[in-house]
Amino acid sequence: MIKAILIFNNHGKPRLSKFYEHYSEDTEQQIIRETFHLVSKRDENVCNFLEGGMLIGGSDYKLIYRHYATLYFVFCVDSSESELGILDLIQVFVETLDKCFENVCELDLIFHVDKVHNILAEMVMGGMVLETNMNEIIMQVDAQNKMEKSEVSWTPPVPCMCMT
Amino acid sequence: MSPSIPLQEMIRAIRSARTQCEERGVIQRECAAIRAQFRQADNGARSHNLAKLLYVHMLGYPAHFGQMECVRMIASPRYSEKRVGYLGAMMLLDEKQDASLLITNSIKNDLSHSNQYVQSLALCTLACMGSAEMCRDLAPEIDRLLRASNSYIKKKAALCAVHIVRKVHELGELFAPAARSLLTEKNHGVLHGAVVLITELCERNPEALERFRKTVPDLVQIMKGLVISGYSPEHDVAGISDPFLQVRILRLLRILGRHSETASDAMNDLLAQVATNTDSTKTVGNAVLYETVLTVLDIKSESGLRVLAVNILGRFLLNNDRNIRYIAMMSLQKIVGTDHNAVQRHRGTIVDCLKDHDASVKRRALELSLALVSASNIRSMMKELLLFLSSCPPELRAQTASGIFNAAERYAPSQRWHIDTILHVLTTAGGDVRDETVPNLIQLITNTSELHCYTVHKLYRALLTDISQQPLVQVACWCIGEYGDLLLKGECQETEPAQVTEDDVLDSLETVLQSHMSAPATRGFALTATMKLSTRITDNVDRIRSIVSIYGSCIDVELQQRAVEYNALFKKYDHMRAAVLERMPVIEKNSLGQTNGESAVEAIKAVQPATVKQGEPPLPLQPANQVCDLLDLLGGSEEPLQPSSVQSGTASGLPINNSSTAGGDLLDLLGGFEPTPAAPAPAVTVYEKDGVNLTLLCEKHSDSGLTVTLTASNSNDSDISSFTLQAAVPKSVQLHMKAPSGDFLPARGAAKVTQMVVLNNPNKVNLKMRVRISYTSQGSACQDTVQIDSFPGL
């Protein structure tokens, strides 16, 4: 099971944080900070698997991460997930983002964080991998966006608000 | 306008803030505005506000006031608002919040919505944060969706079902039939979800596992389709057809085939095919291969297949990519228990990985190396491990040290090597060892009397170089105190003797006493050692007297107490000083703290060689194989009682004999390991039959421990021989029987037999003891049992 998905930049600023188990807000921030601390210390050509974060849960959990330009994509998983599989999943996720945003960069993630959440929701649900076929994911996301846009163009008449 | 633009303006404003304080200001203003807008009845910008709030939440600012707004948004008929509302619910709500119950109804309605995207939102939220009650309420809905909907919804419903099963285990039964039927679907997403669901059901419930074994042929069929089929562009990842699904199916096959011959047979061909045909140049290929290897090694596969699997792992281990090496070591770790020899072949590569720069690889290599240590390679492996210890990252030190100790204990080729290894570890990583290392090492040293000279020389030299590593200093002080005379004698076979004078020794101990680096416990060791030396040296007793009296006014209460009592030993009890401070006897390995009969029985075998080495006559051993018979007698009792076993007392010079002469508390200071009996309480007769009389005396000596003395006498006209007692107590109580004083009861009460039993009752359960008496009288063997429910003096 995937415990958390975090995206943060080289300075530790969170760009996306999705937790599949409940933690308090303080704990969530602490986890982000601790993960950044662990991941930023790593060399460029070491392996992509990290163990030993204390907060997010002890000996069963590992961090699987990939570093793309200015962003770290970190998946915190337990032993029921295949490590190499998750590594590929990160690759698929980034390629999907690339297709949806057209040459995605960090700014896209910053200003369209809700869109990124929607894409992620098509891939991972409840901590489990849902869909890994990039085209299928994009198709669904496009359909939902179209639905939203069509709704917005038809807005019900808003009753005028009187100030009391 | 689309909902994101106001969000983007806010994000721009936050990013343009140049200091943390400015950013906080911007966010606080925005939050205030958002709160005000939430309070208003309705406006078109609700979704924007919630989106802004979620962004702020991600940055770490409090956002709980948005929870009710999420609930309202979810209930809205508009898709855009629902979307943001559900996202907010996933981020802000959890089962502990009351607001989460309010959305149950909305989710229920949305699950039957006509629009599949609304259904999917509801499913997603339920899978993320559904509480047990919500899951119970909505499970039938999910089951319906699993059977009759389009593939998009089916795959989501499958994963939602997994979440439900995790929360409420009993509902697994509900989903089993639907899961079975999903395996016939063509859509890979649905198949994937179905496999995950079946995996979850099998892991939770062994009966489900039995039922799903029948699906092995279907799974094999699906896998074959994936592996053999030609290029299918929609599922292709780097040349392999849907590797994610392949990995999942392999994992399920592993679980299904684990203890079943038939299932394993059905998979053999397939696994061989996957193992040979998968392309291993890309990561995806390696992922599938890795999963195949794990499956082959876990099920009852044929030996040819196993060899193939281990070879694949060997290839992984030599791969340049560190990820692959890491993975290989993880899987070798899993099989090192079962296929030990196969893994031993790769020992060289694994030991090389200890020197890798990557901390994760090092960690894996360490665990694997510790598992590979065996009697034949102990010397070379230990060299490597000690080298690793001196350069390893700090977070791995404690694990390495304890691993080295365990390995040394199990496979030490000689005592001297063992002691050397422990000393080496203490000098390199003294701060990271566990607390019980010090007593264990002391026990080891006392047990090897021929090496006392060597040990004390080595430790003295170590003490001279460095007094910062506390465990080392403690052991060194203890040794110098015990064996200082050997050090001063100046001759030693094993190592170069040091020309040490009494002043030098006392100097070094005093340095430890006065150093600010010494912990209070270490100081205690040093003071006691100084005191012990007063009987071992001849010239500087006055110096010792003065040191001891100085510490009589030390601020540390523990040291002060020791010093005052030692002073008393000098003044009032000088005649006893030699007896009290004489050399410690061999410490029994199974002193207080050992629990049940099994470990005590092993300890007998371990202690036996030690007694033989000492050259002392072993005391008569009570057979421990009657333990099981006692259990038959105890068949009727409600509480399972624990069998006891009798141990051999080893050295006859137990401190317990000294205790009656010197004060009991002095021995506690000197680390006495045996409890001392205090003033006797009145004895109670517990058994009287056929002329055999058994009385019980018990004294408490600590909060949970007490000593019971059983005294037997014989009032018959004929003698009784082979008199033995065995005892059993409730499970949580620890029992330790001492050697009886004898086994012959002469007639007419001419002499008695006593046996002491030490009990430790940490959980303070109701103390009961059943005692079995067996003896031979007039040529016939007799046996009886008595149950003792009350202990006077408790």
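How much area do chain A and chain B bury between them, and what percentage of it is on carbon and sulfur atoms? In this predicted model, the two chains bury about 6000 Å² between them, with 55% of that on carbon and sulfur atoms. On the chain A side, L84(A), F111(A) and M125(A) lose the most area to chain B, together 12% of what that side buries.

**The contact between the chains**

Let's look at who takes part. Chain A brings 63 residues to the contact and chain B brings 73 residues. Polar links are there too: 23 residue pairs are in polar contact across the interface of chain A and chain B, counting pairs with both residues at pLDDT 80 or more. Several elements give two or more residues to the side of chain A that touches chain B, among them β2, α1, α2 (83–101) and α4 (113–123) of chain A. The largest share of that side, nine residues, comes from α5(A). By residue type, the side of chain A that touches chain B divides into 26 nonpolar, 20 polar and 17 charged.

The interface of chain A and chain B also holds eight salt bridges. One pair that meets in a salt bridge is K156(B) with E122(A), whose closest N and O atoms are 3.2 Å apart.

**Salt bridges**

Over all chains, the count comes to 41 salt bridges.

| Salt bridge | N to O distance |
|---|---|
| K3(A) and E21(A) | 2.7 Å |
| K156(B) and E122(A) | 3.2 Å |
| E173(B) and R211(B) | 3.4 Å |
| R416(B) and D420(B) | 3.9 Å |

Take K3(A) and E21(A), which form a salt bridge. K3(A) sits in strand β1 (residues 2–9) of chain A, while E21(A) is in the loop between β2 (14–19) and α1 (25–40), 18 residues apart. K3(A) is buried, because its relative accessibility of 7% falls under 20%. E21(A), at 33%, counts as partly exposed.

In chain B, E173(B) pairs with R211(B) in a salt bridge. E173(B) lies in helix α10 (residues 172–182) and R211(B) in helix α12 (residues 206–212), so the pair ties together parts that are 38 residues apart in sequence. E173(B) is partly exposed at 42%, and R211(B) is partly exposed at 35%.

R416(B) and D420(B) are another salt-bridged pair. They are separated by about one helical turn because they lie four residues apart in helix α24 (residues 415–429) of chain B. R416(B) is partly exposed, with a relative accessible area of 32%, and D420(B) counts as partly exposed at 21%.

Finally, D503(B), D507(B), E510(B) and R543(B) are joined in a network of salt bridges.

Methods: Residues are numbered from 1 along each chain as its sequence is written. Chains are lettered from A and ligands numbered from 1 in the order in which they are written. This is a predicted model: local features need pLDDT of at least 70, side-chain atom pairs count only at pLDDT 80 or more; totals for chains, interfaces and linings use all residues. Side-chain values use heavy atoms; hydrogens and water are left out. A salt bridge is a side-chain nitrogen of Lys or Arg within 4 Å of a carboxyl oxygen of Asp or Glu. Buried means under 20% relative accessible area, exposed over 50%, partly exposed in between (1.4 Å probe, protein chains only). Contact means heavy atoms within 4.5 Å. Buried area is the accessible area (1.4 Å probe) that two parts lose on being put together, summed over both. A polar contact is a pair of N or O atoms within 3.5 Å; within protein, one must be able to donate a hydrogen and the other to accept it, and residues adjacent in sequence count only if both atoms are side-chain atoms. Ala, Val, Leu, Ile, Met, Phe, Trp, Tyr, Cys and Pro count as nonpolar, Asp, Glu, Lys and Arg as charged, and the others, Gly among them, as polar.
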